[in-house]
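Let's take a friendly walk through this model, helix by helix and sheet by sheet. Keep the 3D view open as you read.

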Amino acid sequence: MKKMITIPSKVKVLNLKAINNLVYEDIDVKALEPGTVLVKVMACGICSSDIERVFVNGTYHFPTVIGHEFSGRIVAVYDDENADLLGKKAAIFPLLPCKKCDACKEENYALCSNYNYFGSRCDGGFSQYLVVPIWNLVLFDNISYEEAAMCEPAAVALHAVRKANITKDDTVLLVGTGTIAFLIGLFCQSVGAKVIMAGRRKESLKMAEDYGFIPIVNDDNVKQNLKNVIGKENVDTVFEVVGSNSAINSALSLALKKAILVGNPKEDVLLEKNNYWRILRKELQVIGSWNSNFGSQKNDWQDVLQMLDNKKVSFNNLITKVYDMKDYKEAFNLVKSAALTFKVILRPNGVDSDEKR
Ligand SMILES: [Zn+2]
Ligand SMILES: [Zn+2]
């Protein structure tokens, strides 16, 4: 084993012990195994799914250290031949695939039927240090840890954009105003497409405008609202990024050719008959998008980091606030509150750590 630090025996983590019982405490550091490295976690984002985990649904078992959107520095390697990784910065693909099922054999790891997952099925990134397989690392250099921690939601967004084959001549409509919706908008913009964002909250629509998206109010008059800005009631490609019945139905009613479904459903989905007719009579394509590609050929993660590195996109304006992990209560309350937030990030090793970059 090669290492840059004396490996601590205990680390501070956010451990979910039961629904509504997230605890900041010390746990033992797991031992390194062949093919793994120890990552000093520098930034880990709070996902809306973490809010559901902590306050509504729980994790697959208790206790589980949550957090799946993280980045850090490699401070120890098990195998001496990987010593060149020491000191490197990495974002971490949080899915641990079985590598045996049919999906895995085709490198569609996100569709694996028997996977493990940092932060929901096994201990994750709200931890000062974490043992991670080398296979899951995506190295980066000139990007902040916070931006790199956003690689997870960004790869999900880029994956959805790719499902729709967006080009510079396209106009796309986003139904939804959350972080993933904004990220999808940024990637569509980066190829030159025109982006319209439909939402309900005034502050979110103001933000959409700041990003150069055309904001429209998603109310009962949404078709007219769309017509007011582009002269017609439909757009070729619509992304649904909410997952509610009303958002799914408005996405289908506004799409002419393709509806890309990204939002996770909150209940049984009921399609209005007219929208079902659109799928039949207008041959509207409904395309599901799940997670991101992490294959040797198609890799949304590598591509996101490259776009960040080339300054083709920047996520800095989507980082609402950065907290020291010990102030997690305040951070989770902010995300849960009615305030407009995008990504709130915790630093497990403190905000004043020497490794700002
Ligand atoms: Zn997430
Ligand atoms: Zn598999």
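Helices H8 and H9 cross in a left-handed manner; a crossing gets that label if the near helix is turned anticlockwise from the far one by less than a right angle, and right-handed if clockwise. This is a predicted model, in which local features need pLDDT of at least 70, side-chain atom pairs count only at pLDDT 80 or more, and totals for chains, interfaces and linings use all residues. Residues are numbered from 1 along each chain as its sequence is written, while chains are lettered from A and ligands numbered from 1 in the order in which they are written.

**Helix against helix**

The names of helices (H or I, at least four residues) and strands (E, at least two) follow DSSP runs, numbered from the N terminus. Axes are lines fitted to C-alpha atoms, for helices over the stretch in contact, and angles run from 0 to 180 degrees between N-to-C directions.

| Helix pair | Axis distance | Crossing angle |
|---|---|---|
| H8 (residues 245-254) and H9 (residues 273-281) | 9 Å apart | about 45 degrees |
| H4 (residues 151-163) and H5 (residues 179-190) | within 8 Å | roughly 55 degrees |
| H4 and H10 (residues 300-309) | within 9 Å | roughly 105 degrees |

Angles under 35 degrees count as roughly parallel, over 145 as roughly antiparallel, 65 to 115 as roughly perpendicular and the rest as oblique. With axes at about 45 degrees, H8 is therefore oblique to H9. Asn249, Leu252 and Ser253 of H8 meet Asn274, Asn275 and Arg278 of H9; residues are in contact if their C-beta atoms, placed from the backbone, lie within 7 Å. By class, this contact of H8 with H9 holds one nonpolar, four polar and one charged residues. For these classes, Ala, Val, Leu, Ile, Met, Phe, Trp, Tyr, Cys and Pro count as nonpolar, Asp, Glu, Lys and Arg as charged, and the others, Gly among them, as polar.

Now turn to H4. Its axis and that of H5 cross at roughly 55 degrees, so H4 and H5 are oblique to each other, and the crossing is right-handed. From H4, Pro153, Ala154, Val156, Ala157, Leu158, Ala160 and Val161 take part, and they face Thr179, Ile180, Leu183, Ile184, Phe187 and Cys188 of H5. The residues of this contact comprise 12 nonpolar, one polar and no charged.

H4 also meets H10, with axes that cross at roughly 105 degrees, which means that H4 is roughly perpendicular to H10. Cys151, Ala154, Ala155, Leu158 and His159 of H4 touch Asp300, Trp301, Asp303, Val304 and Leu305 of H10. Seven nonpolar, one polar and two charged residues make up the contact of H4 with H10.

**Two open sheets**

Six strands form an open sheet in the order S14-S13-S12-S15-S16-S17, and their pairing is parallel; strands pair if DSSP finds at least two bridges between them. S14 (214-217) and S17 (285-288) are at the edges with a single partner strand each, so one side of each has no neighbour in the sheet. From one strand to the next, the twist averages 20 degrees. S16 (residues 255-261) runs parallel to S17 and is joined to S17 by four bridges; Ile260 has Ile287 in S17 as its bridge partner.

H7 (residues 222-230) touches S12 (171-175), S13 (194-199) and S14, and the direction of H7 makes about 155 degrees with that of S14. H8 touches S12, S15 (235-240) and S16, at about 165 degrees to the direction of S15.

The other open sheet has three strands in the order S3-S2-S5, with antiparallel pairing. Its edges are S3 (21-28) and S5 (64-65), each with a single partner strand, so one side of each is left without a neighbour in the sheet. Eight bridges link S2 (residues 10-18) to S3, and Lys12 is the bridge partner of Asp26 in S3.

**Two backbone details**

The peptide bond from Phe62 to Pro63 is cis, with omega near -10 degrees, and Pro63 sits in the loop between H1 (48-57) and S5. Lys99 has a positive phi, near 65 degrees, in a residue other than glycine; Lys99 belongs to the loop between S8 (95-96) and H2 (102-105).

How values were computed
Two residues are in contact if their C-beta atoms, placed from the backbone, lie within 7 Å.
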